[in-house]
Amino acid sequence: PPVRGSQLLAIMIAVISQLDVVWAISILMNGYDGGTVHRSSTLNVQNSPRFLTFRWFASNFCRFSEGAFCLAVTFMLIMRSMSVRDLLLNFTAAEFVSNIDNVTYLLAKWGYFGETMRLK
């Protein structure tokens with residue numbers, strides 16, 4: 001029974017800590033305002049309103065898909081664990097991998113990868 005209780009706790013923590021799914025749903029609920037259309041003075045295929053809207057939806061779909069996939073993998077790893085030690089190792093590894101992209105983008109935003117990356 002300690003394994004089952006640990007599995008339940010790990011699943012709850014995994015769902016709560018998976019921010020990509022929450023952020024994607026939140027962004028979709030707020031909607032696309034089209035504000036990025038005005039960044040460029042020339043209008044071509046790359047910055048047309050329809051293409052920018054498609055890129056916005058594709059970006060959010062990818063973020064949601066990545067979060068859902070990481071949740072599914074974490075769930076499978078947690079449920080296949082036979083001991084509390086295995087569960088802890090599997091859960092920690094899955095959470096590290098699923099959050100590494102958020103840390104990378106945050107470091108780029110702060111300018112640790114150069115000024116060009118910070119501006120994008």
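## Notebook: helices, core and contacts

I began with the secondary structure and counted five helices and zero strands in the chain. Read along the sequence, I get the pattern α-α-α-α-α. I note that this is a predicted model.

**Entry: whole chain.** I looked up burial next. Of the 120 residues, 22% count as buried. Then I checked how far apart in sequence the contacts reach. Among contacts between residues at least 6 apart, 69% join residues at least 24 apart.

**Entry: the core.** Which residues make up the largest nonpolar core? I found five: Ala 10, Ala 14, Ile 78, Leu 87 and Phe 91. Two elements give two or more residues to this core, α1 (2–17) and α4 (84–109). For background, I recall that nonpolar side chains in soluble globular proteins tend to be buried together.

Leaving out residues up to four places away in sequence, I see Ala 14 touching Leu 71, Thr 74, Phe 91 and Glu 95.

**Entry: α1 against α4.** I checked how these two helices sit. Their axes come within 10 Å and cross at roughly 10°. Angles under 35 degrees count as roughly parallel, so α1 is roughly parallel to α4. From α1, I list Pro 2, Val 3, Ser 6, Gln 7, Ala 10, Ile 13, Ala 14 and Ser 17 in the contact. From α4, I list Val 84, Leu 87, Phe 91, Glu 95 and Asn 99. I sorted the residues of this contact by class: eight are nonpolar, four polar and one charged.

**Entry: α1 against α3.** I repeated the check with α3, which spans residues 49–80. At what angle do α1 and α3 pack? I read about 170°, with the axes 10 Å apart. Angles over 145 degrees count as roughly antiparallel, so α1 runs roughly antiparallel to α3. On the α1 side, I find Arg 4, Gln 7, Ala 10, Ile 11, Ala 14 and Val 15. On the α3 side, I find Leu 71, Thr 74, Phe 75, Ile 78 and Met 79. By class, I get eight nonpolar, two polar and one charged residues for this contact.

I note that Ala 10 and Ala 14 are listed in the contact with α4 and also in the contact with α3.

**Entry: Ala 94.** I placed Ala 94 in helix α4. Is Ala 94 buried or exposed? Its relative accessibility is 12%. The cut-off for buried is under 20%, so Ala 94 counts as buried. Not counting residues up to four places away in sequence, I see Ala 94 touching Thr 74 and Leu 77. I also checked Ala 94 against Ile 78, 16 residues apart along the chain; their C-alpha atoms are separated by 9.5 Å.

**Entry: Asn 60.** I found Asn 60 in helix α3. Asn 60 has 4% relative accessibility, so I log it as buried. With residues up to four places away in sequence left out, Asn 60 touches Ala 24, Ile 27 and Leu 28.

**Entry: aromatics.** How many aromatic pairs does the structure hold? I found one. Trp 56 and Phe 57 form the pair, at 4.8 Å centre to centre and with 80° between the planes. Planes over 60 degrees apart count as edge-to-face, and this pair is logged that way. Trp 56, at 17% relative accessibility, counts as buried. Phe 57, at 44%, counts as partly exposed.

Note on methods:
Residues are numbered from 1 along each chain as its sequence is written. This is a predicted model: local features need pLDDT of at least 70, side-chain atom pairs count only at pLDDT 80 or more; totals for chains, interfaces and linings use all residues. Side-chain values use heavy atoms; hydrogens and water are left out. A nonpolar core is a set of buried Ala, Val, Leu, Ile, Met, Phe, Trp, Tyr and Cys residues joined through side-chain atoms within 4.5 Å. Buried means under 20% relative accessible area, exposed over 50%, partly exposed in between (1.4 Å probe, protein chains only). Helices (H or I, at least four residues) and strands (E, at least two) are DSSP runs, numbered from the N terminus. Contact means heavy atoms within 4.5 Å. Rings of Phe, Tyr and Trp (its six-membered ring) pair if their centres lie within 6.5 Å; planes under 30 degrees apart count as stacked, over 60 as edge-to-face and the rest as tilted. Axes are lines fitted to C-alpha atoms, for helices over the stretch in contact, and angles run from 0 to 180 degrees between N-to-C directions. Angles under 35 degrees count as roughly parallel, over 145 as roughly antiparallel, 65 to 115 as roughly perpendicular and the rest as oblique. Ala, Val, Leu, Ile, Met, Phe, Trp, Tyr, Cys and Pro count as nonpolar, Asp, Glu, Lys and Arg as charged, and the others, Gly among them, as polar.
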